[in-house]
Amino acid sequence: MFRAISDPKLLTFQQVMETVEDVIKKQVAMRSRFYTKNDVSFIFGEASFIDKHTISLKNDEEKAQILKAERFIIATGSRPYRPANVDFEHPRVFDSDKVLTLKETPKRVVIYGAGVIGSEYASIFNGLGCKVDLINPGEKLLSYLDDEICDALSYHLRSQGVLIRHNETFESLETADDQVTVKLHSGKVIKTELFLWANGRAGNTESLNLEALGLKANSRGQLKVDKYYRTEVQGIYAVGDVIGAPALASASYDQGRCASSRIVDREHPLLIEDIPTGIYTIPEISSVGKTEKELTEAKVPYEVGKAYFKDTARAQITGEDTGVLKLLFHRETFELLGIHCFGDQAAEILHIGQAIMAQKDGGNTIEYFATHTFNYPTMAEAYRVAALNGLNRL
């Protein structure tokens, strides 16, 4: 979307949201057609359990509707976590849901929380020409990712003007008509036009009356499930953000299929262990499998192959030459152990490697990329470059 205009800073946040709303409407309409085609009924209202076979559904009608079933799947999603000492009613204080109602592009934004949501919004507001402060309670951005990818994101954000403040914790907020003052435990005081809280999410379980089931959510409203997405109460399943990590739309889709298939006595493969991660910063980040840190701690003999986007013809043609594809593989068996990508279309590029990692009976090796021909010029060619780079290290 940004690439369609010569200067992305000419875009406004409202224009971005108009595109978002248009895509959402199309996605909802498409899925509604699927449900109708498969005779899936919609019943709207706020549900709460009476017992493990009965729910009460409140809607616009005066009398609540009672629904009975042998099994239920809880898929109520999550919402931004809101601490009690932050006034989210103030027009200059936002969470990641409320910010979608923003009508004007601010000049300065302070974001507290540098996880996926905080990092993505830092990229978005920076791309719109805002001055951005990203406050991180931890030591580095997205620390669960490969260290080199984390460092690349930090370097890129800083080079674009984002001020990242690590190891800073929130103390309090003072609001006025024209600004918000953020106070940190370190003593720092930051004044801003808009404050965005992006530190954690909570499961939507508080109105479900879980007590009637003998089921208890954790402190963030999330439910514990087994590998089949069964809760501790027989007949009650849970999927999606309400069960916590990985809290990805892609994973939630498959979790729902797995749980519903078991309910109707149909076999469905369990969710794979290596779930790909897509983070839509600018540029994107995507990864699957082990990181260098994990392999080092496990004392796995591995080697690294890299391809820098700036060296590929396709990236040189498109001008999107920031980024790297990184392959981790076993030194002795050549088995692919991890794939990490930072750059334009990273979430798309990753799936080529993911398909090879899923191969059985010796099919999962880095040699596939070195011995197969890739179209030229393409971003997929980066796999061949990275594979040869890694094999040449042996």
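Me: In what order do the five strands of the open sheet run?

Reply: This is a predicted model, where local features need pLDDT of at least 70, side-chain atom pairs count only at pLDDT 80 or more, and totals for chains, interfaces and linings use all residues. Residues are numbered from 1 along each chain as its sequence is written, and side-chain values use heavy atoms, leaving out hydrogens and water. Strands (E, at least two residues) and helices (H or I, at least four) are DSSP runs, numbered from the N terminus. The sheet has parallel pairing, and its order is 6-13-7-8-9.

Me: Which strands are the edge strands?

Reply: Two strands pair if DSSP finds at least two bridges between them. An edge strand here pairs on one side only. That picks out strand 6 (93-95) and strand 9 (163-165).

Me: Which residue in strand 9 is the bridge partner of Ile135?

Reply: Strands of a sheet pair through backbone hydrogen bonds, either parallel or antiparallel. Strand 8 (residues 131-135) and strand 9 pair in the parallel sense, over three bridges. Ile135 has as its partner Arg165.

Me: What angle does the direction of helix 2 make with that of strand 8?

Reply: Helix 2 (residues 116-127) packs on the sheet, touching strand 7 (108-112), strand 8 and strand 13 (194-197). Axes are lines fitted to C-alpha atoms, for helices over the stretch in contact (heavy atoms within 4.5 Å). Angles run from 0 to 180 degrees between N-to-C directions. For helix 2 and strand 8, the angle is about 170 degrees.

Me: How far apart are the end C-alpha atoms of helix 1?

Reply: Helix 1 (residues 13-37) has 25 residues. The expected span is 1.5 Å times one less than the number of residues, so helix 1 should span 36 Å. The model agrees: the end atoms are apart by 36 Å.

Me: Which residues of helix 1 are buried?

Reply: Buried means under 20% relative accessible area, exposed over 50%, and partly exposed in between (1.4 Å probe, protein chains only). What covers the buried residues of helix 1 includes helix 2. Those buried residues are Phe13, Val16 and Met17.

Me: Which side chain meets that of Asp22 in a salt bridge?

Reply: A salt bridge is a side-chain nitrogen of Lys or Arg within 4 Å of a carboxyl oxygen of Asp or Glu. At 3.3 Å, N to O, the partner is Lys26.

Me: How many residues apart are Glu206 and Arg79?

Reply: Their side chains meet in a salt bridge (3.1 Å, N to O). Glu206 is in the loop between strand 14 (201-203) and strand 15 (236-238), while Arg79 is in strand 5 (residues 78-80). The pair links distant parts of the chain, and the separation is 127 residues.

Me: Is Asp146 buried or exposed?

Reply: Asp146 lies in the loop between strand 8 and helix 3 (147-159). Leaving aside neighbours within four places in sequence, Asp146 is in contact with Thr291, Glu292, Lys326 and His340. The relative accessible area of Asp146 is 2%, so this residue is buried.

Me: Which residues are linked with Asp146 in a network of salt bridges?

Reply: The structure holds 17 salt bridges. The side chain of Asp146 also makes a polar contact with that of Lys326 (2.7 Å). Linked with Asp146 in the network are Glu148, Glu292, Lys306 and Lys326.

Methods. A polar contact is a pair of N or O atoms within 3.5 Å; within protein, one must be able to donate a hydrogen and the other to accept it, and residues adjacent in sequence count only if both atoms are side-chain atoms.
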